[in-house]
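These are my notes from looking through one structure. I wrote them down entry by entry, in the order in which I looked things up.

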Amino acid sequence: MGRSQLSDWAFQRCISPRCGATFDIGETLSSCLRCGELLDVDYQWDRLPVPKSLREFESAWARRHDPFAFSGVWRFHSLLPFAPREQSVTIGEGQTLLQRADWVAPYVGLEPGRLFLQYEGMNPSGSFKDNGMAAAFTHARLLGAQRAACASTGNTSASLALYCAVTRLMRAIIFVGSGKIASGKLAQALEFGALTIQIQGDFDDAMARVKEVAKQLGIYLVNSLNPFRLEGQKTTMYRVLEALGWEPPDWIVVPGGNLGNSSAFGKALWELKQLDLIKRIPRLAVVNASGANTLSQLVNTLGVRWNAGEPDRHLIAEYFRAMEAENRRASTIASAIEINRPVNLTKCLRALEWCEGVVCDVSDQDILDAKAQVGIGGFGCEPASAASVAGTKELVRQGIIGKDERVVCVLTGHQLKDPNATVAYHTTDKELFSKVLGCRGVRRATFANRAVVVPNDLEEIIKAVRLYS
Ligand code: F0G
């Protein structure tokens, strides 16, 4: 693929301050060629028309017939200007909603008016991945790629499959672990015509393989190692700020799996502060599932920090060695974040540093109870997304988040992505409950809305409706 200089002001830069090597955006790279660290997309902002105020973005609202003004990603083009605006790829992503969630606030221990839910499940493929896919596709198009691949716990693959199906620009090749993908997500990949490679193993195995295959066959990789994807994922933060009248909240709470979103949010907020577009950076809370809590272990138990770009690599390597030796595998009902080796670990450590961040982990029980509370409000989310709400409850309990602080929980995926978990929780069927949830250590369905079983008899039915309504 092309090696010519594609942009005068955008480039890829190694995130290690000690290395800082730069590469043209025409190169397809997953890591720094000099030191192996992750890469950022970086800009020479002083050569670009940066908005003077975030309010300038409001003018795009009046031009909704223009697909790039309609897109919740590309209407912020000037904050991710690696490609010409008119060469960007859009399928209408980013039409998402921030909702004040007073019905969930008491559950997590916040005062009314302090909790907001950002519904990224409203994206075309039903998850936040579309924000990043629009940007990765734009980069892939610049490079003339023909095939794109990813390893996935389901949402990245659904998004990739959708973008390939709609745009016809590339062939989708997805790698999934066996039995590790929620049915709604697998259904999408199959229906949208992606080449679906199901390998024996889990996400971490699939991730290792897809990197090898992409390298060997010259296939464009859209996992969040791809720094262009994370440029698109920055835009969730812009939309949150937009919905709050450009006034930053106190906290952004996000589930952590491969740690792409948290890394992208940190970069978005840091850049806005550097560009003097916000006065204050919200704090970031990243929430792991207890069964997949590498970040929480490294940060909270082992004290690993970004440390000015020199995190304790020895300690991290030791942690992974022990994990391998004990054959510890990630296991959580929140299958989207069932990941033990997050590829964006160091970037996330940097985001935690920039945003005075914290990490916590929550049990599957807490995740499902929180999910049920979100669902009562009408939009719903998949289990991994509810980790943000369960994590907020935990951080309020620990006194880290104050009861009167303004908190935005990012709900990353749609409720219908994983119907089995939802039905098992609410069902009266003990067998399904124990089969789907019991093996994950979930003992109760605290907020179950059970079906009322009645004989097919009008009088009995009327009696039941009277009794329960
Ligand atoms: N929530 C949902 C619904 C997800 O699908 C994912 C990741 C995450 C949270 C975690 O985000 O990786 O940026 O920390 N899903 C990936 C996938 C891994 O393959 O779909 P992250």
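I looked up Glu 231 and found it buried, at a relative accessible area of 1%. Buried here means under 20% relative accessible area, exposed means over 50%, and partly exposed is in between (1.4 Å probe, protein chains only). I note that this is a predicted model, in which local features need pLDDT of at least 70 and side-chain atom pairs count only at pLDDT 80 or more, while totals for chains, interfaces and linings use all residues. Residues are numbered from 1 along each chain as its sequence is written, and side-chain values use heavy atoms, with hydrogens and water left out.

Which residue forms a salt bridge with Glu 231? I found Lys 267, with the closest N and O atoms 2.7 Å apart. A salt bridge is counted when a side-chain nitrogen of Lys or Arg is within 4 Å of a carboxyl oxygen of Asp or Glu. Glu 231 belongs to helix 7 (residues 227–233) and Lys 267 to helix 9 (residues 260–274), so the pair ties together parts 36 residues apart in sequence. Helices (H or I, at least four residues) and strands (E, at least two) are DSSP runs, numbered from the N terminus. Lys 267 also counts as buried, at 7% relative accessibility. I then found a network of salt bridges that links Glu 231, Lys 234, Lys 267 and Glu 271.

How many salt bridges does a search of the whole structure find? The search gives 31. I picked Glu 382 and Lys 185, whose side chains meet in one of 2.7 Å, N to O. Glu 382 sits in the loop between helix 13 and helix 14, and Lys 185 in helix 5 (residues 183–191), so this pair ties together parts that are 197 residues apart in sequence. Both ends are covered: Glu 382 counts as buried at 2% relative accessibility, and Lys 185 counts as buried at 0%.

I also looked at Arg 329 and Asp 205, whose side chains meet in a salt bridge of 3.3 Å, N to O. This pair links distant parts of the chain, 124 residues apart: Arg 329 is in the loop between helix 11 (313–325) and helix 12 (345–354), and Asp 205 is in helix 6 (residues 203–217). Arg 329 counts as partly exposed at 40% relative accessibility, and Asp 205 counts as partly exposed at 26%.

A nonpolar core is a set of buried Ala, Val, Leu, Ile, Met, Phe, Trp, Tyr and Cys residues joined through side-chain atoms within 4.5 Å. The largest one has 97 residues, and Leu 54, Phe 82, Leu 160 and Leu 295 touch the most other members. Helix 3 (residues 129–143) gives the largest share of this core, 7 residues. Apart from it lies another core, of 35 residues, including Leu 115, Val 253, Ala 334 and Cys 360.

I listed the contacts of Leu 54, leaving aside neighbours within four places in sequence: Leu 79, Leu 241, Trp 246, Leu 272, Leu 277 and Ile 278. Contact means heavy atoms within 4.5 Å.

Thr 156 counts as buried at 5% relative accessibility. Beyond four places in sequence, its contacts are Lys 129, Met 133, Cys 150, Val 222 and Arg 229. Leu 162 is in helix 4 as well, and is buried with a relative accessible area of 9%. Not counting residues up to four places away in sequence, Leu 162 touches Ile 91, Pro 124, Ser 125 and Phe 192.

Which residues of helix 15 (residues 419–426) are buried? I found Ala 421, Thr 422, Ala 424 and Tyr 425. Seen down the helix axis, they fall within an arc of 165°, so they line one face of helix 15. The arc is that of the directions from the helix axis to the C-beta atoms. These buried residues pack against helix 13 (364–376), helix 14 (383–397) and helix 16 (430–437).
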